[in-house]
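Hi,

Here is the structure I promised to send over. Have a look at it first, and then read on for what turned up.

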Amino acid sequence: MALAVEMTGISKYFPSTAVQANRGVNFSAESGQVHALVGENGAGKTTLMNILYGLHQPDEGEIKINGKHVLVPTPNEAIHLGIGMVHQHFKLIPSFTVAQNILLGIEPHKYGLLRQGYENDMVRALADSFGLPVEPSEKVSNLTVGMQQRVEILKTLQRNAYILLLDEPTAVLTPQEADEFFKVLRNLAERGRTVILITHKLPEVMKVADQVTVMRHGEVIEVTSISDTNINSLAHAMVGRNIVFNKKESHVRPGEVIAEVKDLFVSSNNGAAAVMGVSFQVHKNEILGIAGVSGNGQNELTEAITGLREVDKGKVLLASLDITKAAVHERRKSGMAHIPEDRMTMGLNLQTTLDENVIVNQYRQKPYSRAGFLVAAAIRKLANSIIERFSVASAKTGEGIATLSGGNLQKLVLGRELSGNPHFIVASQPTRGLDVGSIEFVHKSLLDASRSGAGILLISVDIDEIFSLCDRIAVLYRGQIAGVLSAEDADEQKLGILMAGGNLDPAEEMTQ
Ligand SMILES: Nc1ncnc2c1ncn2[C@@H]1O[C@H](COP(=O)(O)OP(=O)(O)OP(=O)(O)O)[C@@H](O)[C@H]1O
Ligand SMILES: [Mg+2]
């Protein structure tokens, strides 16, 4: 097969962080192939693809597209060369509709005189032809992350991308959505397009890719075809050691009730009922999982509990304190920590320093604040301990965080949230976008926190994550709890039935 992409000897040094992000990288992908690019957080995957997409210039090295030497000074040139990229962090405009986002930057004269609804028809046709249905007139701010991602992909396809660079596209998808998505990728490859897929999920590499390149510390460690490798050997190549995937074993006896949600009703952005009469308790030492396909009220539920969204009806209690109407900082002061799903816009402020980011939830407290003044030394000490304990690679106190890799930003939020010894932790997709080594670490941290007394509410669309952490599992379906299973009772099939809106009780099933 002909090589669609051939990058040779690519090196990239970032002076601002003193990081050699790529070091003599040789990377190639054939046309008609799904090529996975894997590696630990900070390995240099995004940098390499940003170079191919014209967002960075390499210090050294050459790029060939379809056998021809090219320079890619800008993304516009990349698009011109048939290269499209979907970024790790979406770049859609929330207040625009799906169609407006997809057609953004394409001048109207290119598709003739404006006819009412023409844009919508055009986007619908495009979406259907790739088997990626969307509602063109819907505002992007009302979409689930899974849907937003679909819009991002359609946007590149609209621009005639023959080489698609996808940076962790499935990090936000449910297993079912991901399977659908893989069909789309295979289909694109069969039509001769080249798909380069950055992912941390090794099972999906095995499922969808033809070939895989493994990076570590800016270098290529291994290139192999999928038929010649397996998950363990890929994980080993990535992190340079064996990884243990733990299942939850010891069941600590849950203690008193740490947090409680009573008959909660919450609306979504467009005013529709999103959470309808949800009740549950989280005990000391317990991890309660909220499983479900994304978009079934998880976001609204999480936001209501953490103080980011108003409650229509019902109560949120922390210990026995009614915090239904409490401000975010009051909840934090009462011992709640929140690891938000969208770390880029909610978890961190990329415009400020690492120190400011780690202190944001504790700046009113001793020892970080004395007589109304911030104590820089204490803050720095906290920042350094987080960097060290959570191995936030290439992070430095006092410096900006905008250039940290996606995974390292996530570790920073986790470190900050877990550092205050919270009683109640709301963790929303806490390992989204993390590499296998870091997932292992985050899971261990959450298990440790629960063992030392915290109650944890884990909202995750990742069934494996739910199984390996939770003592009890509640399934959210269309804004209601469809069922609660103990860890021993739960299996993939039962959860699958509840997640799809089915009923576990065969007698009731018969009468319906
Ligand atoms: N614009 C930049 N300026 C300075 N340093 C950068 C910049 N972009 C990335 N880096 C650094 O280069 C290294 C590689 O980052 P990159 O984002 O390519 O990693 P990655 O493999 O995509 O990681 P992840 O899996 O966490 O997304 C990191 O140490 C990162 O901090
Ligand atoms: Mg990355």
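One definition to start with: buried means under 20% relative accessible area, exposed means over 50%, and partly exposed is in between (1.4 Å probe, protein chains only). By that scale Asn160, at 48% relative accessibility, counts as partly exposed.

Some housekeeping. This is a predicted model, so local features need pLDDT of at least 70 and side-chain atom pairs count only at pLDDT 80 or more, while totals for chains, interfaces and linings use all residues. Residues are numbered from 1 along each chain as its sequence is written, chains are lettered from A and ligands numbered from 1 in the order in which they are written, and side-chain values use heavy atoms, with hydrogens and water left out.

Back to Asn160, which has a positive phi of about 60° although it is not a glycine. You'll find Asn160 in the loop between helix 5 (145-158) and strand 7 (163-167); helices (H or I, at least four residues) and strands (E, at least two) are DSSP runs, numbered from the N terminus. Asn66 also has a positive phi without being a glycine, about 50°. Asn66 sits in the loop between strand 4 (60-65) and strand 5 (68-70), and is exposed, with a relative accessible area of 52%. Why flag them? Most residues other than glycine have a negative phi.

Now the domains. The chain is assigned domain 1 (3-239) and domain 2 (257-511), with bounds that come from an automatic or database domain assignment. Their centres, taken over C-alpha atoms, are 29 Å apart. Domain 1 puts 26 residues into the contact, and domain 2 puts in 26 residues; contact here means heavy atoms within 4.5 Å. About 1,900 Å² is buried between domain 1 and domain 2, and carbon and sulfur atoms give 56% of that area. Buried area is the accessible area (1.4 Å probe) that two parts lose on being put together, summed over both.

What holds charges across that boundary? Between domain 1 and domain 2 the salt bridge count is zero, a salt bridge being a side-chain nitrogen of Lys or Arg within 4 Å of a carboxyl oxygen of Asp or Glu. On the side of domain 1 that touches domain 2, helix 6 (175-190) and helix 8 (231-239) are the elements that give two or more residues.

Helix 8 has some detail of its own. Its buried residues are Leu234, Ala235, Ala237, Met238 and Val239, and their cover includes strand 3 (34-39), helix 7 (202-208) and helix 15 (436-451). Asn230 caps the N-terminal end of helix 8, with a side-chain oxygen 3.1 Å from the backbone nitrogen of Asn232. Just after helix 8, Gly240 takes a positive phi of about 75°.

On to salt bridges: the whole structure has 13. Arg124 and Asp121 form one of them (3.9 Å, N to O). Both lie in helix 4 (residues 118-129), three residues apart, about one turn of the helix. Arg124 is partly exposed at 32%, and Asp121 is partly exposed at 36%.

Glu417 lies in helix 14 and Arg332 in helix 10 (residues 328-333), so the pair ties together parts that are 85 residues apart in sequence. Glu417 is buried at 2% relative accessibility, whereas Arg332 is partly exposed at 22%. Glu417 also has a salt bridge with Arg416 (3.1 Å, N to O).

Lys411, in helix 14 (residues 406-419), is buried at 10% relative accessibility. Leaving out residues up to four places away in sequence, Lys411 touches Asn41, Phe390, Ser391, Val392 and Ser438. Ala259, in strand 11 (residues 257-267), is buried with a relative accessible area of 4%. Ala259 and Ala319 are 60 residues apart in sequence but 5.4 Å apart in space, C-alpha to C-alpha.

Cheers

Terms used:
Polar contact = N/O pair within 3.5 Å; in protein donor to acceptor, adjacent residues only side chain to side chain.
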